[in-house]
Amino acid sequence: MAGFMALRPALIATFTWGLVTGVAMVKSGLTDTMAAAMTLLVYAGSAQLTSLPLIAAGAPLWLIFAAGCVVNVRFLIFGAALHPYFRDLSWPKRLGLGFFTTDMAFVLFMPRYADAPVRGTREQHWFFLGAIVPGWLTWQASSMLGIVLAGSVPTTWSLDFAAVLALLAITIPLATTRPVVLSIVAAGVVAWLGQGLPLRLGLAAAVITGVVAGVLAERALKRGGARPTSP
Amino acid sequence: MSETVYVGLAIALLFLCSILCRCGFMVFGDYLPLPDSVRRALRYAPAAALTAIIVPDILPWAAGEVPQLDYRFFAAIVATAVYLKTRQAVLVIVAGMATLWLLRWALG
């Protein structure tokens with residue numbers, strides 16, 4: 001239940017993203033059936049949105065696969081961070097939890113349990129489940145709605161910006177410590193400079209820069225904080 | 001290759017990509033050890049990733065052009081201020097969209 005409550009603002013973001021993705025799939029030439037299959041099987045908004053112009057242009061299949069992997073590589077990072085909390089579950093359960101992992105679930109789970117003394121408690125498992133199940137339902141419902149409505153939503157509404165604003169409302173509360181703020185600033189600068197790079201490589205570069213900046217800031221602050229107490 | 005087969009294969013490959021990236025560590029994590037320092041570092045990934053997705057949307061910059069300030073940038077600033085004041089996610093969306101529409105209506 002705590003997972004669901006924490007998720008509410010994120011669900012608004014998921015809903016608008018799903019709607020936008022559903023509309024985009026049909027507008028880029030996929031049939032309703034193919035678009036529905038894509039949202040059910042791929043279940044990764046940014047990878048779907050990345051692949052659409054490539055599919056529309058008839059790009060080689062290996063390039064579509066590679067582009068999808070670059071955009072999805074963050075899930076490898078999420079999986080590595082989440083694994084200690086779920087290592088005691090059976091492998092089919094881990095396969096299922098892994099496949100339905102979302103950015104939102106990870107973003108809500110990690111700050112909450114990063115410093116938990118015991119990893120893998122029932123509370124943690126249920127929190128995670130409470131975060132991914134409504135996320136999946138919301139995403140699928142809004143994507144299907146988007147596929148159906150694709151013909152009648154005017155682009156002048158700028159629905160995509162509502163999704164950006166919802167993401168903003170999730171990001172700002174994460175900036176609770178100075179290393180995180182520095183990490184966000186560094187990632188933002190690199191994301192701005194690198195947005196012209198192909199295959200959304202700017203996004204990957206920004207994530208790496210943000211992580212490195214956060215670690216360096218954490219170390220620098222620790223050293224600075226230790227000085228007054230040393231003799 | 002027909003259009004349907006091509007799109008079908010593309011979707012199948014993206015499905016495989018989702019499984020590999022999302023389940024790889026969850027299923028084989030015990031055989032892919034990660035030092036604790038790396039795990040600590042990964043805590044900075046979510047905020048960095050969200051920022052990296054948001055920034056190009058509010059500060060678009062096409063190659064070969066002078067960077068321009070979009071209405072979206074100002075709408076995002078208003079939305080951020082509203083959030084810091086109220087801590088309400090829904091108000092962020094309302095304030096941001098209202099600002100964007102108002103700026104477009106007033107300034108074209």
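Predicted model: local features only at pLDDT ≥ 70, side-chain atom pairs only at ≥ 80, totals over all residues.
A residue is called buried here if 20 or more other C-beta atoms lie within 10 Å of its own, with C-beta atoms placed from the backbone.

In helix 1 of chain B, the buried residues are V7(B), A10(B), I11(B), L14(B), C17(B), S18(B), C21(B), R22(B), C23(B), F25(B), M26(B) and V27(B). What about the end-to-end span of the helix? Helix 1 of chain B takes in residues 3-28, so at 1.5 Å a residue its 26 residues should span 38 Å, and the 36 Å between its end C-alpha atoms agrees with that. As for what lies over the buried residues of helix 1 of chain B, the cover includes helix 2 (32-41), helix 3 (45-56), helix 4 (61-86) and helix 5 (91-99) of chain A.

**Figure 1. Where chain B meets chain A.**
Contacts link 55 residues of chain B with 73 residues of chain A. On the chain B side, the elements giving two or more residues are helix 1, helix 2 (36-41), helix 3 (45-58), helix 4 (71-86) and helix 5 (89-107). Helix 1 of chain B gives the most, with 17 residues. Sorted by class, the side of chain B that touches chain A holds 43 nonpolar, six polar and six charged residues.

**Figure 2. A48(B) and the largest nonpolar core.**
Which residues touch the most other members of the largest nonpolar core? Out of its 104 residues, they are L165(A), A166(A), A48(B), A52(B) and V92(B), a list that draws on both chains. Zooming in on A48(B), and leaving aside its neighbours within four places in sequence, the contacts are S183(A), I184(A), A187(A), A206(A), V207(A), G210(A) and V211(A).

**Figure 3. The buried side of helix 5 of chain A.**
R94(A), L97(A) and G98(A) are the buried residues of helix 5 of chain A. They cover an arc of only 100 degrees around the axis, so they sit on the same side of the helix. Their packing partners are helix 4 and helix 7 (122-149) of chain A, together with helix 1 of chain B.

L82(A) belongs to helix 4 of chain A. Is L82(A) buried or exposed? It is buried, because 27 other C-beta atoms lie within 10 Å. Not counting residues up to four places away in sequence, L82(A) touches T101(A), F106(A) and M26(B); M26(B) is one of the buried residues of helix 1 of chain B. L82(A) and M110(A) are 28 residues apart in sequence, with their C-alpha atoms 7.9 Å apart in space.

Y43(A) is in the loop between helix 2 and helix 3 of chain A. Its phi is near 45 degrees, a positive value in a residue other than glycine. Y43(A) counts as buried because it has 22 C-beta neighbours inside 10 Å. Over in chain B, G29(B) lies in the loop between helix 1 and helix 2. With 19 other C-beta atoms within 10 Å, G29(B) is partly exposed. G29(B) reaches across to chain A, touching H83(A) and R87(A) once residues up to four places away in sequence are left out.

**Figure 4. L137(A), on helix 7 of chain A.**
L137(A) is placed in helix 7 of chain A. L137(A) counts as exposed because it has 12 C-beta neighbours inside 10 Å. L137(A) and F15(A) are 122 residues apart in sequence, yet 9.6 Å apart in space, C-alpha to C-alpha.

**Figure 5. The two chains, one after the other.**
Chain A has 10 helices and zero strands, and 48% of its 231 residues count as buried. Among contacts in chain A between residues at least 6 apart in sequence, 73% join residues at least 24 apart. Chain B has five helices and zero strands, giving the pattern α-α-α-α-α along the sequence. Of its 108 residues, 39% count as buried. For chain B, 30% of the contacts between residues at least 6 apart in sequence join residues at least 24 apart.

Conventions
Residues numbered from 1 in each chain as written. Chains lettered and ligands numbered in written order. Core = buried A, V, L, I, M, F, W, Y, C linked by C-beta atoms within 7 Å. Contact = placed C-beta atoms within 7 Å. Helix = DSSP H or I, 4+ residues; strand = E, 2+ residues; numbered from the N terminus. Expected span 1.5 Å × (residues − 1). Nonpolar A, V, L, I, M, F, W, Y, C, P; charged D, E, K, R; others polar. Arc of directions from axis to C-beta.
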